[in-house]
Amino acid sequence: MTKEMLCNALNYVNALREKRGEMAATILSQPSLIPLLIEIMKDDKAPLSAKASWVLEFVAKDDIHHIFHNIQPFKDALPYLSLESSIRPASKICELLVSYHYGDGPKYKLTKTELNTIAEVAFDWLIGEHKVATKAYAMTTLFSLGKSIDWIHPELEQILKLNFEYGSAAYKARARMTLKAIEKLKKD
């Protein structure tokens, strides 16, 4: 399938989980399409970029290994995303990657450069004008990264405390949970 053919197929994807799942199944049956999907996401053109991001999130949730096998193009695409509807799924994928990186069981390891790139974009998403879901995924990602990158927790704590009073109820709830987890780690 060419990039043009994939773009045409993405035109039939909408916000319904069923449609996103169907397209993800197509991608999973042909993993060689993942770099093209990431390229479409990186193009940052509405609505295709968002649809590509939605589908990539479903692919990641189903089998994160496909993202690890395409980590370089995924990592390179992150700074180019500006559409909120593309960033939210990308932030979830980052959360999944970091969770898998630090989780139990067989794992793929992210390099220091990859971890730093994810940390940079997660901080950008946390302090930028983004919706609460993106910020919540960024908080979780940064909390996990801070367990092995010593400068992250102090920065994260400072940002959360600074922005706490201006956040929505959902933002405050996630920030409170993250701050408590950071405090707990300090005591241990």
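Predicted model: local features only at pLDDT ≥ 70, side-chain atom pairs only at ≥ 80, totals over all residues.
**Salt bridges**

Side chains of opposite charge can pair when their charged atoms come close.

| Pair | N to O distance |
|---|---|
| Lys-3 and Asp-43 | 3.0 Å |
| Arg-88 and Glu-57 | 2.6 Å |
| Asp-76 and Lys-75 | 3.5 Å |

The salt bridge between Lys-3 and Asp-43, with its closest N and O atoms 3.0 Å apart, links distant parts of the chain, since Lys-3 belongs to helix H1 (residues 3-10) and Asp-43 to helix H3 (residues 34-43), 40 residues apart. Lys-3 has a relative accessibility of 26% and therefore counts as partly exposed, and Asp-43, with a relative accessible area of 34%, is partly exposed too.

The side chains of Arg-88 and Glu-57 also meet in a salt bridge, at 2.6 Å from N to O. Arg-88 lies in helix H7 (residues 84-102) and Glu-57 in helix H4 (residues 48-62), so this pair ties together parts of the chain that are 31 residues apart in sequence. Are the two partners buried or partly exposed? Arg-88 is partly exposed, because its relative accessibility is 21% and the buried class holds values under 20%, whereas Glu-57 is buried, because its relative accessibility is 2%.

In the salt bridge of Asp-76 with Lys-75, Asp-76 is partly exposed at 33% relative accessibility, while Lys-75, with a relative accessible area of 12%, is buried. Elsewhere in the model, Glu-157, Lys-161, Glu-183 and Lys-186 are linked in a network of salt bridges.

**The packing of H3 and H4**

Two packed helices are described by the angle between their axes and the distance between the axes. For H3 and H4 the angle is about 140 degrees, and the axes are 7 Å apart. The two helices are therefore oblique to each other, because only angles over 145 degrees would count as roughly antiparallel. The crossing of H3 and H4 is left-handed.

On the side of H3, the contact is made by Ile-34, Leu-37, Ile-38, Ile-40 and Met-41, and on the side of H4 by Leu-48, Ser-49, Ala-52, Ser-53, Val-55, Leu-56 and Val-59. How many of the residues in the contact of H3 with H4 are nonpolar, polar or charged? The contact has 10 nonpolar residues and two polar ones, with no charged residue.

Notes:
Residues numbered from 1 in each chain as written. Heavy atoms only, no water. Salt bridge = Lys/Arg side-chain N within 4 Å of Asp/Glu carboxyl O. Helix = DSSP H or I, 4+ residues; strand = E, 2+ residues; numbered from the N terminus. Buried < 20%, exposed > 50% of the residue type's maximum accessible area, 1.4 Å probe, protein only. Axes fitted to C-alpha atoms, helices over the stretch in contact; angles between N-to-C directions. Parallel < 35°, antiparallel > 145°, perpendicular 65-115°, else oblique. Left-handed = near helix turned anticlockwise from the far one by under 90°. Contact = heavy atoms within 4.5 Å. Nonpolar A, V, L, I, M, F, W, Y, C, P; charged D, E, K, R; others polar.
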